[in-house]
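These are my notebook entries on a structure that I am opening for the first time. I write down what I looked up, in the order in which I looked.

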Amino acid sequence: MSERPAYLLEYLLRIADTSLVLAQRLGEWIGHAPAIEEDLGFANTALDLLGQARLLLAYAAEVEGRGRSADDLAFLREESAYRNATLAELPNGDFGDTIVRQFLIDAYQLALYERLTDSSDLRLAEIAAKAVNETRYHVRYSSGWVVRLGDGTDESHDRVQASLERFWPYVQELFEADDIDRAALADGTAPPAQDLCDAWSRRVDAVLAEATLLRPAASPFRWYGKHGRHSEHLGHLLANLQYLQRTHPGATW
Amino acid sequence: MKAAGASPPTAGASARVARARAVLATVPDPEIPVLSVLDLGIVREVEETADGTLRVAVSPTYCGCPATTVIRADIAAALASAGLAPVRVVDVLSPPWSSAWITADGRRKLHRHGIAPPTSVPGEAAGTECPRCGSLDTELISEFGSTPCKALHRCRACREPFERFKCI
């Protein structure tokens, strides 16, 4: 097997952790969604995200080469070692907030996986090819709800427009290339961040137009979960996610 | 170096693979038992390796499908109890499974069981045929259903709700 580049572990953790953290957030809706169909929708989407995270974390653990497993990475890393985009860890809010956050990330993941299927990293390309069909389904579900709420009643419209304004500043992080992204681009592992941003924008703009929602203005606000600097919310989320393994180390089913 | 290659298939090996395939045709999917793992299209390869192990390559349906572990264990157990051990079940991701891998026979079984089979066009929900009355006047109720691989529909003609295998 060829030598793995130094940046790869970081690059994989960003994708994996965003899926894992978002899956955990969606899981909080189980038993609380406004209708059973939406309960199933969030739970099934979370399950896909968790499965994708597991494939990526298993690969990340191999790349790390320190004998840790995907489970070790999920359950035993500290908050600052998580590399998810901040957007994924923000609290669920109401149903509309969750749908808007989901749509913004679904559209990002679809743009990403569509391009990663051509990655020079064959293992990553294989995982992306597996994930892309599921992600396309997620986009259809969340964008359907963005349109129903945006083009619904005055109240639903105003509330999801407010959700969009609230989450929009966190989107910037997804498309800002740093040294890790540039290294991944240089050897053909990752696509250019600008390409992802363009593909994402085309899809998001089309859905917002159909939903009669306005694309918020760009914001100077920045937050870098992908560098391990998280909002105050991730620690609480991980306390839930990791509770069992922290309390009963090594417990298995 | 061997003149005939590393491990030429022998008559014994191919008979063992054929028996294994016959056994796999009886291993049900745990969530939709009307389908065998062969009908579902997740068995990618069955072969006898040079060391005499029967190697079965299985592709997961969904990345997070909770039945994956059970399916692997069921396959290994069925083959072992048919006297075909040693058996090794391995995961393969590529080419990725999609609903297009379900066999024609599998689609007929789904339909007979009251589950609308996936159409060949991924993501296409319009014109789904009601598995009860055959009407095409149906609507989607929910993109997600009782298992990761199914969605919920309703027939406007006979008024019955029904499940449909998701097209991905």
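**Entry 1: where the two chains meet**

I began with the contact between the chains, to which chain A gives 21 residues and chain B gives 18 residues; two residues are in contact if their C-beta atoms, placed from the backbone, lie within 7 Å. I note that this is a predicted model, in which local features need pLDDT of at least 70 and side-chain atom pairs count only at pLDDT 80 or more, while totals for chains, interfaces and linings use all residues. Residues are numbered from 1 along each chain as its sequence is written, and chains are lettered from A and ligands numbered from 1 in the order in which they are written.

The largest share, eleven residues, comes from α6(A). I sorted the residues of this side by class and got nine nonpolar, five polar and seven charged; Ala, Val, Leu, Ile, Met, Phe, Trp, Tyr, Cys and Pro count as nonpolar, Asp, Glu, Lys and Arg as charged, and the others, Gly among them, as polar.

**Entry 2: α5 against α6 in chain A**

I then followed α6(A) to helix α5 (residues 95-116) of chain A, and the two axes come within 7 Å and cross at roughly 150°; axes are lines fitted to C-alpha atoms, for helices over the stretch in contact, and angles run from 0 to 180 degrees between N-to-C directions. By class, the contact of α5(A) with α6(A) has 16 nonpolar, seven polar and three charged residues.

**Entry 3: helix α8 of chain A**

Which residues of helix α8 (residues 179-186) of chain A are buried? I found A:Ile180, A:Asp181 and A:Ala184, a residue being buried if 20 or more other C-beta atoms lie within 10 Å of its own, exposed if 12 or fewer, and partly exposed in between, with C-beta atoms placed from the backbone. Seen down the axis of α8(A), these buried residues fall within an arc of 95° (taken from the directions from the helix axis to the C-beta atoms), so they line one face of the helix. The face turned away from the buried side of α8(A) carries the exposed residues A:Asp179 and A:Ala186. Among what covers the buried residues of α8(A) are α1 (8-27) and α9 (193-210) of chain A. Just after α8(A), I noted that A:Gly188 takes a positive phi of about 80°.

**Entry 4: chain B**

Last, I looked at chain B, which has three helices and seven strands, running α-β-β-α-β-α-β-β-β-β from the N terminus on. Of its 168 residues, 36% are buried.

Definitions and conventions: Helices (H or I, at least four residues) and strands (E, at least two) are DSSP runs, numbered from the N terminus.
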